[in-house]
Amino acid sequence: EFYLNTFNFLFDYTLSEKEIKGVDMKLAIKRMWEMHTVLGRLNLRSQGCEDVVNKLTRVVVSPLYLASKEGRQFIAFTFTLDIKLIKKFHETVKNFLPRCKRNQAVSYGEVYHSAWLNGSTEVRQALETQCIQNLMTHMFVFPRKRQELTHLGQNVFAILSYLHHNRTIAHLSKTLTELYMPLLWRHLRSGNNIERCNAAEVFLDAYPLEKLGSGMAEESAFFDKQHGEMVDLLTDNCHIVRIIAIKGICNKLCSAWGTFPQESVQVLMRNLLALANDGSDSGVRRTLYNSLAVLLLNPESAVYLSRILPGLRDYIHDENEKVRKAFVRLLCSVKNMPDPPIKYWKIVTVNHLASRLELENREVGSELSKLLMSNIYSAEQSIDKFLFRLLNFIEISPQAARKLFQFSDKVLDYKNALRVMLTILLNLRAHVKKKEAENQRPEKEQEEKEERPPVSKRKKRRSVQALQPISENVPGGDEDKENDSSRENDSSKEINSSKENNSSKMSSSSVSEEKQEKDEYSQPG
């Protein structure tokens, strides 16, 4: 009775909808977990424990318990208390799933997983048949809204997905395969498109299903059967099934490339690439390019893709805008790889990219700008390299070069955009000045030639005679210059003597003038 009262007290605190001052709810839940072994001593089938059972039912769907690690462990422990209570707790969880959040649904996956690991053989069997397989059965028939599951379907899928990705124990993996066997193959071949969609999503998330302990030959045949189912899903009549198959197969190839035989990889990739020509729905083609980008995350699959992607170069001109955008993003994924096995311009040439950019609007043009801009401009490269690449791109397509910068607002920040503009304008200014100087040089030379007309020989002679000194116009100075050298010497002597006389006269006159000036300034008044 002491234990019973203690648990009732703690239940009242932790399940109270109102916050109680001075009480730490998380600490109270930790205390509940510390005392969980005592709860196993109670006879929950007795009438005195009916109130405890009702409170345990409330604990199973308590958001406070689901939010803490100790709370989830306590809920998992409640599933192992009594086999007859498992179904009741499971029905309570099912009623809560339509309104619970996605993270809470994942927490229930952890609860079922922990309960199965820690439960006895009888408890495990009850969990398998009454809980896990019951969720599987409902999962295949949930309705869908377009391509997506409803909220309830997504929550149930989250629980099963947690079990798929945490089957580290061989026995759990074998158990899940046995639980799926009577359900999965039947719904994969159902005539209902929705059931095939649900079955495809579950199958590709649960792959690989394993038959452990059945022998190498049987296990290999079982894997081949699963690979054959993948091929059938890629060629399904319903486009939604094909979309789900593309996503799931590419995710599995990326995460477990080494587990697929080489022949299976070739068959799957051949059927995947064939969907690039799927004309029934553009979503199939868009999903294909988005999923191929996922395959680039695995180095082994990236090397394989480097050999086949160049064959898709013409699909960048797809008629659908969203498909073209997905293809450009695939090229961006190739470019952003740390050590890409192939360059994006070897998949689609720059001429094709430029011609595509000419016709694109902002939706796809911004992605193309993101792809091309870093190869034309980066803050680390030199100005000469930037101008060289820019001029080459302008020569390919001036209109594409204009749109490259028009859609670069998501690529270039304010500082780099300003730097690009200044670089272009300053270099244009220098180029224009250089051209002007080259054009003005022949014009100046022509003007100088026009200002200085050519002079004839006769005029040159007359001008020379006009520049003769005045002293040569003395008597006898008009004689011909064709006289002999003696007369020329005599005339030069006479000229020199006359110059000396003149200079002596000028000096004497200047001395007399200075004396007069001194006498004038020396007189008083």
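Student: Hi! What does the secondary structure of the protein chain come to?
Tutor: Hello! In this predicted model, the protein chain has 26 helices and two strands.

Student: How many residues are there, and what percentage counts as buried?
Tutor: The protein chain has 525 residues, and 41% of them count as buried.

Student: And what about the accessible surface, how much of that is carbon and sulfur?
Tutor: The accessible surface comes to about 30,900 Å², and carbon and sulfur atoms account for 51% of it.

Student: What share of the contacts join residues at least 24 apart?
Tutor: Looking at contacts between residues at least 6 apart in sequence, 70% of them join residues at least 24 apart.

Student: Let's pick some helices. How do H11 and H12 pack?
Tutor: Helix H11 covers residues 170-188 and helix H12 covers residues 193-206. They pack at an angle of about 130 degrees, and their axes are 8 Å apart.

Student: Why are H11 and H12 called oblique?
Tutor: Angles over 145 degrees count as roughly antiparallel and those from 65 to 115 as roughly perpendicular. The angle here is about 130 degrees, so H11 and H12 are oblique to each other.

Student: Is their crossing left-handed or right-handed?
Tutor: H11 and H12 make a left-handed crossing.

Student: Which residues meet there?
Tutor: On the H11 side you'll find Tyr-180, Leu-184, Trp-185, His-187 and Leu-188. Their partners in H12 include Glu-195, Arg-196, Ala-199 and Phe-203. By class, that contact has nine nonpolar, one polar and two charged residues.

Student: Where is Pro-208?
Tutor: Pro-208 is in the loop between H12 and helix H13, which spans 216-234.

Student: And what kind of peptide bond joins Tyr-207 and Pro-208?
Tutor: A cis one, with omega at about 0 degrees.

Student: What does Leu-172 touch?
Tutor: Setting aside neighbours within four places in sequence, Leu-172 is in contact with His-113, Trp-116, Asn-166 and Arg-167.

Student: New topic! Where does Ala-115 lie?
Tutor: Ala-115 is part of helix H8, residues 102-118. Its relative accessibility is 1%, so Ala-115 counts as buried.

Student: Which residues does Ala-115 touch?
Tutor: Not counting residues up to four places away in sequence, Ala-115 touches Ala-76, Phe-79, Thr-80 and Leu-127. Ala-115 and Phe-79 are 36 residues apart along the chain, yet their C-alpha atoms are separated by 6.4 Å.

Student: Okay, another pair. What about H22 and H23?
Tutor: Helix H22 (residues 383-396) packs with helix H23 (residues 398-406) at an angle of about 125 degrees, and the axes are 5 Å apart. H22 and H23 are therefore oblique to each other.

Student: Which residues make that contact?
Tutor: H22 brings Leu-390, Phe-393, Ile-394 and Ile-396, while H23 brings Pro-398, Ala-400, Ala-401, Leu-404 and Phe-405. By class, these are nine nonpolar, no polar and no charged residues.

Student: Last one: what is Leu-372 in contact with?
Tutor: Leu-372 is found in helix H21, residues 362-376. Leaving aside neighbours within four places in sequence, Leu-372 contacts Tyr-344, Leu-353, Leu-357, Phe-393 and Leu-404. Leu-372 is buried, with a relative accessible area of 4%.

Definitions and conventions:
Residues are numbered from 1 along each chain as its sequence is written. This is a predicted model: local features need pLDDT of at least 70, side-chain atom pairs count only at pLDDT 80 or more; totals for chains, interfaces and linings use all residues. Side-chain values use heavy atoms; hydrogens and water are left out. Helices (H or I, at least four residues) and strands (E, at least two) are DSSP runs, numbered from the N terminus. Buried means under 20% relative accessible area, exposed over 50%, partly exposed in between (1.4 Å probe, protein chains only). Contact means heavy atoms within 4.5 Å. Accessible areas come from the Shrake-Rupley method with a 1.4 Å probe; for residues, only the protein chains shown count as cover. Axes are lines fitted to C-alpha atoms, for helices over the stretch in contact, and angles run from 0 to 180 degrees between N-to-C directions. Angles under 35 degrees count as roughly parallel, over 145 as roughly antiparallel, 65 to 115 as roughly perpendicular and the rest as oblique. A crossing is left-handed if the near helix is turned anticlockwise from the far one by less than a right angle, and right-handed if clockwise. Ala, Val, Leu, Ile, Met, Phe, Trp, Tyr, Cys and Pro count as nonpolar, Asp, Glu, Lys and Arg as charged, and the others, Gly among them, as polar.
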